[in-house]
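Dear colleague,

I am handing over the structure we spoke about, and my notes on it follow directly below. Please read them with the structure open beside you.

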Amino acid sequence: MVETKKLMWMVKKEWLSLKRHPSRLISILVFPIIMILLFGYGMGGDLSDLPIVVVSQSNGDLTDMTLETIKTNDIYHVVKITNNVNEAKDMVDKGDVKAAIILPSDYDSDTSQQKSVTFYLDSSDQMATQSLVPTTQAIFSQISLEQASAMATQSTNSTIAVEDADTENSLSSSINSFKSSITLHINKIYGDIKYIDFLVPAVLGMTVMMSCMMGMGASIAGERETGELARLFMTPTSVATVIGGKILGKLSVEFLRAMILLSAAILLFGATVNGGILPTIIVLIIGALCFVGFGIMMSARASTQEDYSQMVMPFSMPMMFVSGVFYPVETMPWIFQQIAYICPLTYLNDAMRAIMLKGQTLGDVWFELLVLIGFTIFFFALGVKRFNRDV
Amino acid sequence: MKYVIETKDLTKRYGKFTAVNSLNMKIPNKTIFGMLGPNGAGKTTTIKMLTCLAQPTEGTAKVYGFDVIKEPNKVRDVLGMVPQHVSLYKDLTVLENSELCADFYGVPEDVKFDRINDLMELVDIKYAQDKKIGQLSGGQKQKASLVASLVHRPEILFLDEPTIGLDPTTKRILWELIQDLNDSGHTIILCSHDMHEVDMLCDNVGIINTGNLVAYDTPQGLKDTLLKEEKDEHDKIVHIALSQTHEDKEISKEDISSFKNQDEFLKFRKMSFLVDNLSENLTNKIKTISYVYDLKIGKQGRIELKIDKFNDEAITEVIKTVVEDGGIISSISTEEPSLEDVFIKVTSEAKDSARA
């Protein structure tokens, strides 16, 4: 009973401090939104409106159709349509546009001939290149396919008509006809997931990780430095109660932060939470508990907040980059993958994505949760054992 | 209970460094005990071990009969501590901090607020009960810290530099408060570098140096011991402060020698005269007195005399010389060796012995 009162005091103290420091409260409210905006708009958005120039040197249906297709695609912003190849190249060279699509002069002349469209690209902009090349390839593949299809129909008729006359031509047409008969059906089992959808669950996890780890430093190492912890330890109170109180206080604040993060992600980016809000929050809280435990373990011997920050940095920064927040773990070099699998953030990210994107239940992510809980127990056990009551 | 704190061979090592070395000390109940020592002497570590904030490496310590290793919670129940740097939560108010401490010490709900109120009134901080600690002045913070430390009615109260940085008025208020707390039955352990404070408040004083207890007695006892040690040589000092009537009057520097070192200084009982007028003739005459073997001019015409074989005869001789020369003595005072003298001597001796 007495210990419960002490625990509640620690939570109350956490909130009173926040209430009396509007700047900290604002940080709690605004920081998650800034994070989500930063990652959402800065990294998660698809590129669009990239300025290009189109060189059109002939007139005809194919040119019209091509121009229309290019103009209606969001990725391009057609700055100019010109018939001067050099002018278009100059524009790219000067950096006025990212690329020039150069349609050949015989583009409309004879549809049976191989046509060579040139994509003159400023490849120094890697991000733009990565978006423009596949999109442009897809557009011309589509146009090519449509042309092939049209030709096949024409060719079949003509094959019948000229069957004995030109066998080679007949074979070619048949292949084209066969080609166009293959249709690739893409079955996206979790719907059309954008990069932002991939990013949001991990950004939530990463934000919780950062604030828990840094927060515990202020809470324990900081109070050790200022003597507040010594005052608590001078009372007949166990280390477990003091640490427990710190955890409860921190978790209650992290819960609020997680709610804000989630709301911001849903409202600003329409982030999908297919598995439901409650399981998402439960996973976040388990993750928060794990990182609070990590913070306790690290702050157990840190005598100042500065020491703590220096001790935590080598863990937090690499963890942020190898735990699959920005890129799938599987795409990383072997050594990073091995590191990723010993980082709790990897499991939090996997669980968050499974719940939010795949709509899985807590039962489906039992393994990730088990690993997180295992890490938590390990961190707490080591933290309490290492915790130096000598202040 | 005769002694509230008893240590036996209490030792604390940090790696190879020994902060406290086989400390044996007894602090009587309901007294004010002054714990002195230079910086890094082991005072803080000793306090930490006695308040269960650090585990002894060797030896034992009993606080109010409870073993600091085996019964830490019982020890904590009987202790209160006002640290040098106020360690209350700066974002919480005086009242909230006191409540928090009361709850952490398990003070019953039905008496909690009455007790806090009484203490706030006692130390005169009730008017600021709703102010955050961060908004208080140094003195107010110490008072708030006292309330938080006394809320569970500890038998023993540790005060670590409680008046450091405080103005003289607030200092005196706190001194009175410390005395009142002792009168009401608390044993006070006072760590301070303010020798006057310790001399005035403490019943007993222990000086710790390089992790050892190098002196332990009443303040007067320590001073008497020092005086006795020096008595064989019996060199004492008389301070005669003379103010010059002529502003341009200067005393030749050859006539003035200064004390060579602290040890020499310690040999003398200090005495001062304040004379309204001073002439070169008078100065020369004073120097010729057989008991006077050193003369030093102080600021604004004040002169200090070192008088060998100090006794009534010496005083009479000096007074007679001054008066006969037309000097007007406005005040005479003698000084015992101070606790500071004792401190310097004891700690420098310990330092020399450690070096040896």
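Two strands are said to pair here if DSSP finds at least two bridges between them. With that in mind, and remembering throughout that this is a predicted model, I begin with chain B, where six strands form an open sheet in the order 6-7-8-3-9-10, with mixed pairing. Strand 6 (79–82) and strand 10 of chain B stand at the edges with a single partner strand each, so one side of each is left without a neighbour in the sheet. Neighbouring strands of this sheet are turned against each other by 20 degrees on average, direction ignored. Helix 6 of chain B, residues 168–183, packs on the sheet and touches strand 3 (32–36), strand 7 (156–160) and strand 8 (187–191) of chain B, and its direction makes about 145 degrees with that of strand 8 of chain B.

At one end of the strand order, strand 9 (residues 204–209) and strand 10 (residues 212–217) of chain B pair in the antiparallel sense over five bridges. Within this pair, Ile207(B) stands opposite Ala215(B) in strand 10 of chain B, and Asn209(B) stands opposite Asn212(B) of that strand. The two strands make a hairpin with two residues between them, and there Thr210(B) takes a positive phi near 45 degrees.

A second hairpin of chain B is formed by strand 1 and strand 2, again with two residues between the strands, and in its turn Gly15(B) has a positive phi of about 65 degrees. Strand 1 (residues 3–14) and strand 2 (residues 17–28) of chain B run antiparallel and are joined by eight bridges, with Tyr14(B) standing opposite Phe17(B) in strand 2 of chain B. For chain B as a whole, there are 12 helices and 16 strands, and 42% of its 356 residues count as buried. Among contacts in chain B between residues at least 6 apart in sequence, 73% join residues at least 24 apart.

Turning to chain A, its secondary structure comes to 14 helices and four strands, and buried residues make up 37% of its 391 residues. Of the contacts in chain A between residues at least 6 apart in sequence, 77% join residues at least 24 apart.

The four strands of the chain A sheet, which is open and mixed in its pairing, follow the order 2-1-3-4. Its edge strands are strand 2 (76–82) and strand 4 (118–121) of chain A, each of which pairs on one side only. Neighbouring strands of this sheet are turned by 25 degrees against each other on average, direction ignored. Strand 1 (residues 50–55) of chain A pairs with strand 2 of chain A in the parallel sense over six bridges, and Val54(A) stands opposite Ile81(A) in strand 2 of chain A. Helix 3 (residues 61–72) of chain A packs on this sheet, touching strand 1, strand 2 and strand 3 (99–102) of chain A, and its direction makes about 145 degrees with that of strand 2 of chain A. Helix 4 (residues 85–93) of chain A also packs on the sheet, touching strand 1, strand 2, strand 3 and strand 4 of chain A, with its direction at about 160 degrees to that of strand 3 of chain A.

Helix 11 of chain A deserves a separate look. At 1.5 Å a residue, its 18 residues (305–322) should span 26 Å, and the end C-alpha atoms are 26 Å apart, which agrees. The buried residues of helix 11 of chain A are Gln305(A), Tyr308(A), Val312(A), Met319(A) and Val322(A), and they pack against helix 7 (195–226), helix 10 (277–299), helix 12 (334–340) and helix 13 (344–356) of chain A. After helix 11 of chain A comes Gly324(A), whose phi is positive, near 75 degrees.

Finally, how many residues does each chain give to the contact between chain A and chain B? Chain A gives 22 residues and chain B gives 21 residues. On the side of chain A that touches chain B, the elements giving two or more residues are helix 1 (2–20) and helix 8 (228–233) of chain A, and the largest share, eight residues, comes from helix 1 of chain A. The residues on that side of chain A divide into nine nonpolar, six polar and seven charged.

With best wishes

Methods. Residues are numbered from 1 along each chain as its sequence is written. Chains are lettered from A and ligands numbered from 1 in the order in which they are written. This is a predicted model: local features need pLDDT of at least 70, side-chain atom pairs count only at pLDDT 80 or more; totals for chains, interfaces and linings use all residues. The expected span of a helix is 1.5 Å times one less than its number of residues. A residue is buried if 20 or more other C-beta atoms lie within 10 Å of its own, exposed if 12 or fewer, and partly exposed in between; C-beta atoms are placed from the backbone. Two residues are in contact if their C-beta atoms, placed from the backbone, lie within 7 Å. Ala, Val, Leu, Ile, Met, Phe, Trp, Tyr, Cys and Pro count as nonpolar, Asp, Glu, Lys and Arg as charged, and the others, Gly among them, as polar. Axes are lines fitted to C-alpha atoms, for helices over the stretch in contact, and angles run from 0 to 180 degrees between N-to-C directions.
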